[in-house]
Amino acid sequence: MIQKLSVFIILLCGVVSIGNAQVLNDDYDIEQQLLASTKQLNQFFKRFNGEENNKGVELEPGDRQYRNPRLRKRYISMLFDEEYAQISKDLKTRFINYTTKSDQPKFLGLRSEDWFAVVNTTFEYEGREEAITLYMQMQQEGLGYEWVISKVSFGRYKEMFDKQRGETKEFLHPMSHELDFMNLRKALVKNGSPESYTLADYEPDYLTLFIYEVKKGLLKFNTVNRINFHFFSLDGWYFSLNNFNRAGYNTGWLISDLTEINKPQKEQLLKIIYDQK
């Protein structure tokens with residue numbers, strides 16, 4: 001009897017062992033599939049939100065796996081750049097817990113506010129190739145949505161409108177009206193810094209100037225060099241996406257920067273991104 005019982009226990013242990021191994025293998029396979037490249041931005045959104053399974057098939061809202069918190073934790077943890085991003089494990093964990101909180105989960109929407117694209121381009125300008133940064137955001141138009149250019153950053157414009165400030169700033173004498181503003185010639189023709197004679201809060205509209213020069217054929221588009229996306233749509237958090245084209249599973253659109261921010265920090269960070277620092 002004792003001998004039979006021993007044989008049964010050994011067999012049972014073997015079955016359990018094989019079962020555990022199978023689970024581990026399945027787990028590994030799923031992980032490898034999830035690590036596969038996030039080739040499209042739309043795929044990043046679906047993975048972040050838990051709206052597709054590990055085989056890349058879109059889940060219907062009625063599916064029990066749709067936006068499942070447990071799966072989302074796993075999905076989101078694999079959406080980070082593993083090679084270059086300097087994001088601590090603790091910060092990553094807090095972000096994942098914040099976004100997958102069972103009573104207040106956070107999701108991303110393609111049409112939500114507070115996310116935008118920064119597009120680095122090359123134009124031809126005055127016979128030279130020039131780098132121009134275009135800031136793109138989505139807006140509602142008609143029955144749908146569209147990407148539009150919201151701002152432009154161009155080094156040549158910044159140099160052109162580098163307005164003087166303070167005591168050294170050139171100015172029109174306060175009695176100029178008595179001379180029928182004759183000194184406007186000096187200000188606008190000879191001086192070369194007409195922006196010095198504008199209101200203190202004057203800010204040049206680079207986008208209008210950019211559109212004007214494109215329409216006049218002075219700026220000619222060459223190519224898009226690089227794109228990245230910035231997200232401020234999750235309260236208290238900022239993260240950016242970059243496209244990593246490299247061998248291995250950790251490729252495609254991945255989170256390359258992540259930080260917790262308050263409102264003043266958000267404003268400061270926006271200034272840096274929009275080249276207004």
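Two exercises on a predicted model follow, each with a worked solution.

Residues are numbered from 1 along each chain as its sequence is written. Because the model is predicted, local features need pLDDT of at least 70 and side-chain atom pairs count only at pLDDT 80 or more, while totals for chains, interfaces and linings use all residues; side-chain values use heavy atoms, leaving out hydrogens and water.

**Exercise 1.** Determine the strand order of the open sheet and which strands stand at its edges.

*Solution.* Start with the strands (DSSP runs of E, at least two residues, numbered from the N terminus), where two strands pair if DSSP finds at least two bridges between them. Nine bridges join β1 (residues 115–125) to β2, with Glu130 of β2 as the bridge partner of Phe123. Next, ten bridges join β2 (residues 128–141) to β3 (residues 144–154), and Gln140 has Tyr145 of β3 as its partner. The six strands then follow the order β3-β2-β1-β4-β5-β6, with antiparallel pairing. Since β3 and β6 (252–260) each have a single partner strand, one side of each is left without a neighbour in the sheet.

**Exercise 2.** Describe how helices α7 and α8 are placed against the strands.

*Solution.* Helices are DSSP runs of H or I with at least four residues, contact means heavy atoms within 4.5 Å, and angles, from 0 to 180 degrees, lie between N-to-C directions of axes fitted to C-alpha atoms, for helices over the stretch in contact. Helix α7 (residues 206–215) lies across β1, β2, β3 and β4 (219–231), at about 95° to β3. Helix α8 (residues 263–273) touches β1, β2, β4, β5 (237–244) and β6, and its direction makes about 20° with that of β1.
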